Structure formats: C-alpha cells, structure tokens
Amino acid sequence: MSTERGNAKKKGQKYKNKTAFKLDKYGKNPHVKAVTSVVVAGVCVRCRDIIEWKKKYNKYKPLSAPAICRNCGDRNVLAAYHVYCAGCADKLGACAKCTKQTQELVEKPVSAEEKAREEEKLLRQIDQLPERRRRAVLREMEKKKQEEKLLRRAQDRENGEKDDPESMNSDFSDEGSEVKPAAGKGEEGGDSENEEEDAPGEEGEEGEEGKEDEEDPFAYEG
C-alpha cells in the first residue's frame, strides 16, 4: 500500500455512541441554563450553526468579561466567539464572528415585552406632535397595518393551496358537477321533445293500419 499523502483511505469512527448526546441528561445546572438561554444574533448563517453546535454539545464557553472589539478597540464585545461589537457589525454590515460582509445576517428576535415598550414609546412621541402631523402619522400607521394584513392573507392562501391539493380537486369536481345538471336538463328537454314528436307518428301508424283493414273487405277470417 502506498504511503503517499492523500492515498490513505479515511476510516470511519472506531467507537460509535449507542445513544445521542444529551446536554441536560443529569439535570439542568446553572451553566447549562446560562448556555441554553443564549440567543445567537449578529452573525451569518454558517457562524450561527457553529455556535449552535457548541451549545448543543456543551462546548460553548461564555465570556467572563467583555472582549475588545477588533474594529473600534473598545471593550464592547459581550457575546462569546465574536470579534466585532454590535455597533461595528451593524455599521460595517459584516458578521461579528468571521467578519465577512453579507446581507444574510441572523437578527435578534424581538420579544413581546420589547414590542410593547417600543409601541408605548412611539405613541408618546406621536402625542407630542402637532394635531395635523399626528393625524398624518396615524393614517400612515393604519395603512401599513392594512398592507401587512393583506400580505398575511395572501400568504395563508398560498400555503393553504400548497398544503391542501384535495381542496383544489374538490373545486374542480364541484365545477364539473355544476355543469352536468345543465346538460341533464338539456337532455331531458330533448327527450321530451322527441317523445312529443314520436307520439303523433304512433297515432299515424295506427290510423294507417285501420285504413288497411277497412280497404280490404275480402280478407280471410280464420
């Protein structure tokens, strides 16, 4: 067998686990609770997956003190494995971990409490505006809400059509069933007309037979 680099076949794992690793197998300690509560944001999708893997297999090591930002030089980095602070990452439009500029950054999910606070703050600012300006802002907000509702309805309809193909088939079958009675009515009408047309013909045949009997007085009667 050649010992040249690259020719050696990579063997599989020698000792394989019978059961998957479980982070809280022996109960949740403070470290596990702190790690699982960490929200990964401000990074690209690849770096997000890497950090989530570290959290899943107990490899995540949180920071004990704020780290120095590689861009501004201040101690503003609060998340582990990040080299940019949140402000510099937003300003540069780059991942806070790998420093690559990308448009697909993972955003931090906004909680219901934060949304309520933002709405209260916005309403306070609107109340301080002049009456004319305040009404204009409220109209714009209502318009945006209506547009969001329409978009949600359209998305729900699209998802429903994709998830329920049987409903589409039922719609087509209903259309076909609606057409069939109309054709049946026409057929019934056509049959009735044909019957009406055939009726005088039958009477005519009987009249002809009667005439033949009258015209043949020497017919043999057995």
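**Figure 1. Helix H4 lies largely in the open, because the number of its 16 residues that are buried is 1.** Buried means a relative accessible area under 20%, exposed means over 50%, and partly exposed covers what is in between (1.4 Å probe, protein chains only). H4 covers residues 112-127 and reaches 23 Å from its first C-alpha to its last. This is close to the 22 Å expected at 1.5 Å a residue, where the expected span is 1.5 Å times one less than the number of residues. The model is predicted: local features need pLDDT of at least 70 and side-chain atom pairs count only at pLDDT 80 or more, while totals for chains, interfaces and linings use all residues. Residues are numbered from 1 along each chain as its sequence is written, and side-chain values use heavy atoms, with hydrogens and water left out.

**Figure 2. The whole chain has 6 helices and 0 strands.** Helices (H or I, at least four residues) and strands (E, at least two) are DSSP runs, numbered from the N terminus. Along the sequence the pattern reads α-α-α-α-α-α. Of the 222 residues in the chain, 11% are buried. The chain exposes about 19900 Å², and carbon and sulfur atoms supply 48% of that area; accessible areas come from the Shrake-Rupley method with a 1.4 Å probe, and for residues only the protein chains shown count as cover. Among contacts (heavy atoms within 4.5 Å) with a separation of 6 or more, 37% are between residues 24 or more positions apart.

**Figure 3. The largest nonpolar core has 18 residues.** Such a core is a set of buried Ala, Val, Leu, Ile, Met, Phe, Trp, Tyr and Cys residues joined through side-chain atoms within 4.5 Å. Val43, Cys69 and Tyr84 touch the most other members. Helices H2 and H3 each supply at least two residues of this core. In soluble globular proteins, nonpolar side chains tend to be buried together.

**Figure 4. Which residues is Cys69 in contact with, leaving aside its neighbours within four places in sequence?** They are Asp74, Val77, Val83, Tyr84, Cys85 and Cys88. Tyr84 is also, like Cys69, one of the core residues that touch the most other members.

**Figure 5. Tyr81 has a positive phi of about 70° although it is not a glycine.** Most residues other than glycine have a negative phi. Tyr81 sits in the loop between helix H2 (45-56) and helix H3 (86-92). With a relative accessible area of 28%, Tyr81 is partly exposed.

**Figure 6. Thr99, a residue other than glycine, has a positive phi near 65°.** Its place is in the loop between H3 and H4. Thr99 counts as partly exposed, at 27% relative accessibility.
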